[in-house]
Amino acid sequence: MASNQDTLVTVFGGSGFLGRSVVRALAKRDYRIRVAVRRPELAGHLQPLGKVGQIHAVQTNLRYPASVEAAMRDSHIAINLVGILAEGGAQTFDAVQGTGAGTVAKAASAAGARMVHISAIGADENSLSRYARAKAAGEKAVLAAIPSATIMRPSIVFGPEDQFTNRFAALARMSPALPLIGGGVTKMQPVYVGDVATAVADAVDGKTRPGATYELGGPEVLTMREIMEIILATTDRKRTLVSLPFGLANLKAQFLQFAPGALKLTPDQVLLLRSDNVVSDAAKAAGLTLEGMGIAADSLEAVAPQYLWRFRAAGQFQKKSA
């Protein structure tokens with residue numbers, strides 16, 4: 001039986017937030033890892049996650065099939081993590097999350113490789129959100145090329161480099177009030193990035209059902225208001241939470257979609273907040289969840305203090321450190 005050291009795993013989008021944790025999890029299990037990214041010269045931070053020669057990066061762009069095929073050469077397993085939260089130039093939801101996912105799957109199929117594809121809870125071809133429709137199109141394209149592929153749909157993923165909790169913690173540092181779009185009643189099931197990475201590594205190990213779609217959520221279902229309250233409590237900041245109706249939020253997003261950093265808000269993101277983002281009852285009943293995989297998920301309250309401490313109010317931080 002071949003050992004993991006004889007198995008080459010190509011990770012598309014392996015230098016991003018989730019990618020770093022996936023690469024780390026695979027390296028610990030002794031897989032050989034090829035990281036396929038648009039800017040391999042910026043992926044040097046991955047090297048310390050494994051042994052000498054275990055991890056190497058190659059240049060790949062999902063919009064160019066030849067580069068994807070080259071990245072899959074001699075590979076045994078493909079993992080597609082590529083996704084975007086907002087469109088820009090040629091990087092559209094359809095190109096990256098729809099057509100791009102299909103390109104990876106076709107290359108993996110041609111190479112005779114297995115595949116793990118990361119989608120998102122809320123993927124729906126009938127959604128008003130272009131992001132959600134593209135995610136659904138990506139799933140469909142992957143399964144058309146590789147019916148045995150494992151699809152994983154995480155809820156909102158949090159962790160040290162996320163663009164979710166860190167974004168609101170940064171906003172709380174610069175603003176006296178924080179908006180609750182739609183009143184903050186939208187429900188989410190935040191899932192720790194390390195738990196998602198473990199699930200992906202387990203799928204690579206062959207511990208998931210072929211062709212199944214898993215929904216990955218944390219141990220708690222929280223409203224956006226509750227999530228904001230956790231972030232504020234963790235960073236020792238008192239801020240006013242202001243309800244912002246969806247209509248007004250969409251109007252603001254028409255301008256904020258061009259804003260930099262934490263201030264950015266797109267109309268499509270407002271649309272996504274109209275629907276809850278939680279694990280379905282069907283997935284629970286079928287055991288297609290983290291719990292069903294035997295993974296004990298970490299909560300937002302347990303993990304957030306480990307990395308959001310840098311956003312704490314200076315006076316409070318000094319008082320606690322004294």
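**Reading pockets, cores and a helix**

Modeller: Happy to! By class, 6 nonpolar, 6 polar and 3 charged residues make up the lining of the second largest pocket. Keep in mind that this model is predicted.

Colleague: What is the volume of the second largest pocket, and which residues are the closest to its centre?

Modeller: Its volume is about 210 Å³. Of the 15 lining residues, Q189, G217, G218, T289 and E291 are the closest to the centre.

Colleague: How should I read a nonpolar core?

Modeller: Start with the general idea: in soluble globular proteins, nonpolar side chains tend to be buried together. Here, the largest nonpolar core has 38 residues, and L26, I33, I79 and M152 touch the most other members. Elements that give two or more residues to this core include the strands β1 (8–12) and β2 (32–37) and the helix α1 (17–28). Helix α6 gives the most, with 8 residues. A second, separate core has 33 residues, among them A172, M188, I231 and L241.

Colleague: Which residues does I33 touch, leaving out those up to four places away in sequence?

Modeller: Its contacts include L8, V9, V11, V23 and L26, and also Q54, I55 and H56.

Colleague: And how do I read a helix such as α4?

Modeller: Begin with the span: α4 (residues 130–145) has 16 residues and reaches 23 Å from its first C-alpha to its last, close to the 22 Å expected. Then look at burial: Y131, A132, K135 and V142 are among the buried residues of α4. The buried residues of this helix pack against α3 (93–110), β5, β6 (150–154) and α9 (267–272).

Methods: Residues are numbered from 1 along each chain as its sequence is written. This is a predicted model: local features need pLDDT of at least 70, side-chain atom pairs count only at pLDDT 80 or more; totals for chains, interfaces and linings use all residues. Side-chain values use heavy atoms; hydrogens and water are left out. A nonpolar core is a set of buried Ala, Val, Leu, Ile, Met, Phe, Trp, Tyr and Cys residues joined through side-chain atoms within 4.5 Å. Buried means under 20% relative accessible area, exposed over 50%, partly exposed in between (1.4 Å probe, protein chains only). Helices (H or I, at least four residues) and strands (E, at least two) are DSSP runs, numbered from the N terminus. Contact means heavy atoms within 4.5 Å. On a 1 Å grid over the protein atoms alone, a cavity is a set of points where a 1.4 Å probe fits but cannot get out, and a pocket is an open set with protein on both sides within 12 Å along at least five of seven lines; lining residues have an atom within 4 Å of a point. Grid points are joined across faces, edges and corners, and a volume is the space filled by probe spheres set on the points. Ala, Val, Leu, Ile, Met, Phe, Trp, Tyr, Cys and Pro count as nonpolar, Asp, Glu, Lys and Arg as charged, and the others, Gly among them, as polar. The expected span of a helix is 1.5 Å times one less than its number of residues.
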